[in-house]
There are 2 protein chains.
Amino acid sequence: MALLVQKYGGTSMGSVERIDHVASKVAAARERGHRIVVVVSAMSGETDRLIKLAKSINPRPNPRELDQMIATGEQVTIALLALALEKRGVAARSYTGAQVAIRTDQAYNKARIRHIDTERLLADCEAGTVPVVAGFQGVDEAGNITTLGRGGSDTTGVALAAALKADECQIYTDVDGVYTTDPRVEPKARRLDRVTFEEMLELASLGSKVLQIRSVEFAGKYKVPLRVLSTFQEGPGTLITLEESKMEDPLISGIAFNRDESQLTVSGVPDRPGIAAAILGPIGDANIEVDMIVQNVGADGTTDFTFTVHRNDHDRAVEISRKVATDLHAKGVRTAQDIAKVSLVGVGMRSHAGIAAKMFKVLAAEGINIRMISTSEIKISVVIEDKYLELAVRALHQAFDLAEAPGH
Amino acid sequence: MALLVQKYGGTSMGSVERIDHVASKVAAARERGHRIVVVVSAMSGETDRLIKLAKSINPRPNPRELDQMIATGEQVTIALLALALEKRGVAARSYTGAQVAIRTDQAYNKARIRHIDTERLLADCEAGTVPVVAGFQGVDEAGNITTLGRGGSDTTGVALAAALKADECQIYTDVDGVYTTDPRVEPKARRLDRVTFEEMLELASLGSKVLQIRSVEFAGKYKVPLRVLSTFQEGPGTLITLEESKMEDPLISGIAFNRDESQLTVSGVPDRPGIAAAILGPIGDANIEVDMIVQNVGADGTTDFTFTVHRNDHDRAVEISRKVATDLHAKGVRTAQDIAKVSLVGVGMRSHAGIAAKMFKVLAAEGINIRMISTSEIKISVVIEDKYLELAVRALHQAFDLAEAPGH
C-alpha cells in the first residue's frame, strides 16, 4: 500500500465536470489500496482573473494583499474536490496552506517553503480520509498568507511528498508524459518512460513546459520520485528519477527548443581578462537574464562576445551593450532576432563521443547554418535561423532514432 | 478622536468603482481624525455564486467544505479594499476571520462568535494603519473556517465594535437610515434620527430589512451604539441606541408591515387548559415557525384559536391543524392567505394610552376590517386584508404625524 501525492493542475480543475473526473481518479487510486494526499491548483484562469481585478483597483498592488486575494483560487477548488469525493462516498477534507500548515518565508508572491506539518495529513490518511491540500500557497510565521509564484502547485506537491516520505509524487497535467520533443513540431515524438532529473531540468528550462523547474530541482534534492501523467487519458506517464536506466542508456533523451531569445554580439572587443564581466555586469544590473554566452578565442588581439537574452529585453540589452562597446573601444554591436535555439539533451551523452559532430552533420545536410554553439555535460545547444527550426527538430529526431523505443 | 468600526455590505462592495468609493469614505473619516476599523462583505452575488457552484458538484454539500469555500468571497474584498486604500495613500492591512482571530464555535454555516483577539487591530490603529476585516467568517479552535450565516457581516461589525470598545459601529448600506415606514408604500416616510434597540428589533423583525436582527440584539446586549448610513449618499443616518431620546418621545417611531404570512384558525376547540400546546406542539415539531398567536375568551365552552405562519408553510400547517382539530373534536380549520400584517412600533407607546384605539379608529374610517389583533409593550399589530395594506400604512402614517419631525 503506497502513499501517493497526486497533484492536479488548473486545466484538470477547470470545470465542475473536470473536478468530478479528478474525483473519480482519486477514488480509483484509493480503491487500488493506496493512501492518497491530493494537491490542487485554482481553476484555470482564476488566478489571472484575480490579479487583473487587483490591478484594476491598484496598478501596483501590495504583494501581501495580492497573495491574500489570489490564494482564494485554490481555497475554492480544494473544497469543490472534497465535495466531489464525498459524493462518491470517499471521506475527504480540504486544507488551505495555512491549515496544513505549510510554513514559508515572508517573500510574498515568490515564497519558499520552510517546513510542513504532516500530523493532520498523516492522521487523515490513517483514518481513511483523503486530505485535499491547496497548492501554490503557504503561511508565514505571523499568519500572513503567501504564495509560491507561478507553477507553485507543483512545488507544493513535491514538498508534501518529501515531507510525508511519499512513495511517489504524481503530477497530473494535460499531457501524458515527457516527450522526446514537442509533438506539434515532430508528430513522431515519443513519450519517455523515464528520464533523469538532470535531463528533465535541461528539457524543462529549454521549453518543454511540462513541469515547473523549481519542483524538479526540489524533487531531485529530496529524492522524491516524480511522475508526470495525463488527467484525461490513462497511461503510465513519465517517471522522473535519480536512478539512471538499467538498460543501456539511449544517447539522447529529447530535443528541446525555443524561439523566445534574441542574440547580441559585441564584436572586436579587446581580448583581455575582465571583458565578460565588463559586458554582462551592466546587463545583470538592469535585471536582464542572459541565457547562452559564447566567447571564442581571439585573433589579432580582439574577440567577439555573443550572448542571448529574452526577446522582450532585446531593446534594452542593445542600448546597454552599445554603451559598453563604446567604453571598451569595441567595433560595435550586432544583433539577430529571428533566431531559434535547438538543444539535444541526454545523460547518455556523457559517455559517448561524437554526438556533437553527428548533430552538426545532420544540420549541414539540411543546409542549416549554425550561428552559435554551447555545450554542457548532458546538452548541446545550437542557435539557428528561426525559419529552419521545425526542419532541424525533425531531422535530428530521426537521425537520433528518437521515434523508436531503444532496442526495437 | 473616536474609534469607529465601519461595516460595508455586498452592494457597497459590488464593483471596482464602488470599492474605490468605499475607500474614499474611509479615507475621509480618517482625515477627520478618527481611527477606523473596516468590516466588509463579499461582492453582492458572490456568496450565492459559490454556493451554487458547490451544489452543482454535490447537491448536499458538507457544511465545513461549504464554509471553506464561501469564506473566499470576503477574502477577496478585504484585499481589494486594502489595495484601494493604499492607492489613496492610506496604510491598510487586510485580515481574514482566522487572521484576526475571530474565534467561533464549530457550528458551520451558522457559527457564533466566542472571542475576538484585538491586539493586532489595536496595534494597527495605533500605527495609523486601517485594518480591513472579513465579515461573516471566523475560525474554530481546530483552525477550521466557519461562517456566521446570512447577514453575518453585520454581526462581525458589532462584535468587533464591542471587543474594541469602539465609540460607534457604523453599518453602511444602500438605504440612508431607518424610516418611519417603507418609502415605496408611503413616499412621505421620514428618516428617523434615532431609534431604540427595542424599536429596531420590532421594526426589523417586522420587515424593515435594514439590519440583521442578530446584530441588533448583539449591539443591545453589549451596549454598542449602532448607526445605519448610506454608502451612496451623505447624511447622518439613524442612530440605534439604548438611551431613549431626551426630548419628549414621539408616540410612534414607525410602521412595519409584511405580506409573507397566512392565517389559520382552529375553530370551536374546547376551552380548557393545554389547548394552545396541543395545537402548536405538532406545528413546532414540523419546524414551522409561528408568528402571531391569538386566542379569545371562549363562549359556550369552546373558543377559536388563530395563528399565522409563513406562506411557504401554509399547506403543511393546514394539514397538521386539520389532524389536530379532528383529535380535539374541534369544529374545523379556516384559513386566509390574502392577508397582511401592519404594526405600529414605538417605545413612547408604553406611557401613552389610546394608541390602539386611535389605530383602530383610523382603519375603520377607511373601511378596513381588522381580522386579528396582537399587542406588546411597544407594538400593536393587526392583520387585515392584503389589498388594503398600502391604504392602511398611509392612513396611519398621516394620523400619527410621522411625516413631520416631532415638535415641528
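Me: How many bridges join strand 19 of chain A to strand 20 (residues 379–385) of chain A, and what makes them a pair?

Reply: Six bridges, in the antiparallel sense. Two strands (DSSP E runs of at least two residues, numbered from the N terminus, as helices are as H or I runs of at least four) pair if DSSP finds at least two bridges between them. Six bridges therefore qualify as a pair. One bridge joins A:I370 to A:I384 in strand 20 of chain A.

This is a predicted model: local features need pLDDT of at least 70, side-chain atom pairs count only at pLDDT 80 or more, and totals for chains, interfaces and linings use all residues. Residues are numbered from 1 along each chain as its sequence is written, and chains are lettered from A and ligands numbered from 1 in the order written.

Me: At what angle do helix 1 and helix 4 of chain A pack?

Reply: About 60°, for residues 16–31 against residues 72–87, with axes 9 Å apart. Axes are lines fitted to C-alpha atoms, for helices over the stretch in contact; angles run from 0 to 180 degrees between N-to-C directions.

Me: Why is helix 1 of chain A called oblique to helix 4 of chain A?

Reply: Under 35 degrees counts as roughly parallel, over 145 as roughly antiparallel, 65 to 115 as roughly perpendicular, and the rest as oblique. An angle of about 60° falls in the rest, and that makes helix 1 of chain A oblique to helix 4 of chain A.

Me: Which residues of helix 4 of chain A does helix 1 of chain A meet?

Reply: A:L80, A:L81, A:A84 and A:L85. Residues of helix 1 of chain A in this contact include A:I19, A:D20 and A:V22. Contact means C-beta atoms, placed from the backbone, within 7 Å.

Me: How do you know how the two copies are related?

Reply: Chain B can be laid on chain A by a turn of 179° and a shift of 0.1 Å along the axis, with an RMSD of 0.2 Å. The superposition is by least squares on C-alpha atoms of residues with pLDDT of at least 70 in both copies. The copies are thus related as by a two-fold rotation axis. B:T72 comes closest to that axis of the chain B residues, at 2.5 Å (C-alpha).

Terms used:
Contact = placed C-beta atoms within 7 Å.
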